[in-house]
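Reader: Please take me through this model, one feature at a time. I would like the general idea, then the case here.

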Amino acid sequence: MLAPTPQGVTPERRAVQFKLANGMDAVVIPDHRAPVVTHMVWYRVGAADGPSHRSGLAHFLEHLMFKSTEKIADGAFPKIVMELGGQLNAFTSQDVTVYHERIAKEHLGQMMAMEADRMVNLRLTEEEVATERNVIIEERASRYDNSPNARLSEQMNAALYLAHPYRLPVIGWAHDIAQLSREDALSFYKRYYAPNNAILVVAGDVTPDEVRDLAVASYGKIPANPAVASRDRAKEPPHEVARRITLQDKRVANATFQRSYLTPSYATAESGAALALSLLMVIVGDGATGRLFRRLVVEDKVAAGASGGYFGGGFDSGIIQMQAVALPNRDLGDVEAAVDAVLDEVRENGVTELELNRAKRSLRAAYTFESDEQEKLAERYGRALSVGRTISEIEGWPAAISQVTTDDVKAAALTHLDIRRSVTGHLLPEITNARSAQPRQVSAP
Amino acid sequence: MKIETIKSPGGIDAWLVEEHAVPMLALRFAFDGGSMQDPVGKEGTANFLAQMLLEGAGELTATAFQDRVKDLALRIGFRSGRDALFGNIEVLTESRAEAASLLRLALMEPRFDADAVARTRQRLKVGIARAAREPDKVAAAEWDAVAFAGHPYARPIVGTLASVDAVMADDMEFYRRRAFCKRTLKVTAVGDVTAEELGQLLDEVFGDLPDDTQLPVPGAVGVLPAGRRSIIEMDVPQSVAVFGMTALARKDPDYMASVVLNFIGGGGSFSSRLMEEVRVKRGLTYGVSTSIVPMRCASILKGSVATRNHLIGTSLEVIGAEFAKMAAGDIGEDEVAKAKSAIIGSYPLAFDASAKIANQLLGLRLDGFGPEYVANRNAMVAAVTLADVKRVAAELLRPENLIVTVVGKPSLGAEHVAPQASASAA
């Protein structure tokens with residue numbers, strides 16, 4: 001069933017990139033360990049590209065893409081894929097909308113034909129749209145309205161950006177979702193879904209030539225849409241003050257601290273700052289060896305858990321996030337003070353060579369482990385290419401990580417752990433009066 | 001893919017898939033036991049122990065141990081299931097020897113230092129307190145409590161706030177000595193390692209374990225209390241329902257027919273009947289799905305759905321009606337053919353990464369199958385007939401078999417309404 005292969009994959013693999021005549025980009029990452037492929041189409045359009053009074057539109061369209069075309073009946077798309085033994089899904093982020101299938105390699109051509117078909121031939125009835133809108137209202141309830149932590153994150157996100165559309169939730173505000181119409185979806189679709197706004201990513205048991213032939217025969221037949229505009233989004237003004245948010249909810253068990261900083265991303269950072277931020281946040285926030293965990297959980301014993309990370313994949317900016325869950329008898333003020341002590345220390349004194357080398361090993365190993373999973377491998381390329389990064393940047397990442405110095409990390413901490421560009425969130429159990437009541441409520445069974 | 005069954009010089013056997021394309025090894029193993037063997041009043045012991053295996057061993061304190069894990073860039077973890085305690089490790093080839101020593105230390109000489117125990121206890125209790133306020137977790141726990149009343153499966157794997165407080169270092173060490181032995185150890189390995197190298201690694205890691213600790217064999221669950229519906233009130237906009245019934249044992253001759261049936265009903269994602277009826281046609285939920293969970297002492301078919309409070313009753317009615325139709329024989333030849341095609345065609349997708357392969361193979365070992373299962377499995381699916389599926393549907397999907405738990409503020413007839421307090425104390 002699985003063909004062993006002499007050449008196989010290595011983490012240093014070279015993906016092959018080409019462009020179709022209509023402007024569609026393509027990248028092929030051969031992985032011959034199993035006779036399967038991962039097929040993805042990445043549209044360079046996401047939630048942040050929709051009109052600000054129609055939050056959730058890109059995600060709404062993603063759902064509707066599973067409705068009908070001339071060739072594919074309503075709801076048949078997933079059934080066809082699954083009957084062939086495939087798996088499929090789609091996701092929407094602020095910057096991209098992505099459709100993907102994993103399937104036996106002999107069905108790759110059909111997947112491309114179907115994906116190409118729905119790139120331009122979608123048709124929607126009012127009834128389909130109305131039903132799917134209810135599905136999304138339920139999705140929002142599951143993901144956000146039922147979860148205090150998710151609601152705090154949503155509110156913090158809305159406060160972090162002063163002007164940029166990243167402030168709007170990808171799924172949309174509830175009142176916006178309720179207003180989304182068939183016309184909204186179709187006009188967005190016609191404006192942004194075109195081969196010259198898409199990237200084909202195929203990883204698996206195929207050669208670049210095979211993929212090129214199949215792509216020319218499917219996606220290659222769709223004309224480019226010259227009306228596709230480059231991304232034009234509101235820019236952030238200078239951030240002058242830190243913001244603070246408190247959410248109280250009776251379904252909160254332990255008081256929780258969160259902090260977000262607006263930072264550059266890999267796509268926007270100058271001279272390796274994003275690499276330094278990646279390493280900084282491994283050292284500060286990654287698991288039980290992170291400085292946050294060591295200080296808050298092991299030494300000060302103010303928190304049950306503490307962690308943080310850098311998310312540098314955005315088109316317009318990146319973000320540093322950290323969180324800590326207070327122990328039942330500890331005040332969030334103590335937790336926040338301990339977090340700030342850790343951050344002040346790293347800003348002042350930087351990190352050690354030992355910490356830096358450990359963090360480098362950890363990130364390079366993560367890259368290798370990621371290479372073992374075909375779907376993640378494909379995603380690695382899609383994510384980076386869709387925000388304008390290059391194959392050589394992607395494949396040179398482990399080597400570039402190795403070059404970062406302790407000075408780079410200290411400089412990144414000094415520049416980017418800037419409280420004025422941050423939001424601090426407190427999630428508290430609901431209380432009727434004194435804040436002293438809050439911790440005890442938590443420990444009750 | 002070639003599965004080798006190897007035996008180490010010291011006599012420990014393992015399944016191995018050599019794959020040298022990526023310079024890493026994925027190792028999976030399990031010991032019989034799991035949370036089912038937790039002492040009464042000390043529920044959560046196995047889960048607690050699994051956490052403590054990463055909190056210091058031998059000369060290494062928790063901090064030193066975790067630094068070592070990071071230095072070696074290991075992915076290592078332990079967790080308790082109902083029937084077994086699992087370990088997993090992913091390691092780059094360059095660090096394999098050091099990783100083996102560390103793993104041996106974790107399994108054979110965990111320290112249980114007081115501060116590490118206290119820290120871990122706090123973390124576990126935070127998780128328990130949080131889960132007690134999440135409707136999906138509460139619904140799932142309540143379902144187990146109702147369905148398995150009187151059997152250890154009724155108890156939460158993570159324990160309760162009170163039971164975790166009762167678990168001491170001695171309890172975990174006692175559990176470790178009772179459950180970790182060669183007789184019940186099952187190992188699978190995938191990656192950049194030869195049979196000889198793996199044999200050495202197995203002896204180093206597991207060679208000092210006792211042969212057999214005579215862990216008692218658990219009793220079967222017996223008949224589930226069918227037809228129960230319980231509702232726990234929680235002030236959330238969307239109710240979560242967990243529903244399920246008894247299913248066929250893993251080695252039942254009709255097991256594959258039940259897999260096909262489940263795929264048609266609720267297992268087949270976007271192509272399942274429940275997804276079609278509840279989500280696509282009616283917009284009542286973001287997701288509804290079912291799965292078959294074969295365990296050592298019971299096998300169940302279980303699903304969940306989340307719908308806003310005022311409509312959850314409709315979702316449950318639609319699900320019940322769909323089960324009833326299938327039980328009555330309303331299943332098409334075409335549906336069975338498509339489900340079989342999907343189940344057969346998607347099998348290779350479970351084998352496209354080292355860790356996934358190792359997981360698949362460990363599952364087969366725990367279920368008592370040999371490596372030939374992988375080659376034979378699709379033929380077993382292909383042999384399932386419409387009559388088989390209808391027979392199994394008539395047996396399993398009778399509406400009166402259903403056990404349903406709902407958490408939220410649902411608008412539906414309430415046979416049994418418990419206040420929220422009892423949910424968090426459960």
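Reader: How many residues of domain 1 of chain B are in contact with domain 2 of chain B?

Author: First, the rule: two residues are in contact if their C-beta atoms, placed from the backbone, lie within 7 Å. In this predicted model, 33 residues of domain 1 of chain B are in contact with 31 residues of domain 2 of chain B. Domain 1 covers 4–206 and domain 2 covers 229–425; such bounds come from an automatic or database domain assignment. Their centres, taken over C-alpha atoms, are 28 Å apart.

Reader: Before we go on, what are the ground rules?

Author: Residues are numbered from 1 along each chain as its sequence is written, and chains are lettered from A and ligands numbered from 1 in the order in which they are written. The model is predicted: local features need pLDDT of at least 70, side-chain atom pairs count only at pLDDT 80 or more, and totals for chains, interfaces and linings use all residues.

Reader: Which element gives the most to the side of domain 1 of chain B that touches domain 2 of chain B?

Author: Elements are DSSP runs, numbered from the N terminus: helices are H or I, at least four residues, and strands are E, at least two. On that side of domain 1 of chain B, α5(B) gives the most, with 9 residues. Among the others that supply at least two residues each are β3 (24–32) and β5 (84–92) of chain B. By type, this side holds 20 nonpolar, 4 polar and 9 charged residues. Ala, Val, Leu, Ile, Met, Phe, Trp, Tyr, Cys and Pro count as nonpolar, Asp, Glu, Lys and Arg as charged, and the others, Gly among them, as polar.

Reader: How many residues of chain B are in contact with chain A?

Author: 60 residues of chain B are in contact with 55 of chain A. Helix α4 (residues 114–131) of chain B gives the largest share of chain B's side, 6 residues. That side divides into 28 nonpolar, 16 polar and 16 charged residues.

Reader: What covers the buried residues of α12(B)?

Author: A residue is buried if 20 or more other C-beta atoms lie within 10 Å of its own, exposed if 12 or fewer, and partly exposed in between. The buried residues of α12(B) include B:V336, B:A339 and B:I343. Their cover includes α2 (76–83) of chain A, together with α9 (255–267), α14 (372–382) and α15 (386–396) of chain B.

Reader: Now the sheet. In what order do the strands of chain A run?

Author: Strands of a sheet pair through backbone hydrogen bonds, either parallel or antiparallel. Two strands count as paired if DSSP finds at least two bridges between them. Here, 5 strands of chain A form an open sheet in the order β7-β11-β8-β10-β9, with mixed pairing. β7 (243–249) and β9 (303–311) of chain A are at the edges with a single partner strand each, so one side of each has no neighbour in the sheet. Inside the sheet, β8 (residues 256–263) and β10 (residues 318–326) of chain A pair in the antiparallel sense over 8 bridges. In β10(A), A:I319 is the bridge partner of A:L262.

Reader: What is phi of B:F112?

Author: Most residues other than glycine have a negative phi. Phi of B:F112 is near 55°, a positive value. B:F112 lies in the loop between α3 (96–108) and α4 of chain B. It is partly exposed, with 19 other C-beta atoms within 10 Å. In chain A, A:K301 also has a positive phi, of about 55°. A:K301 lies in the loop between α10 (291–299) and β9 of chain A.
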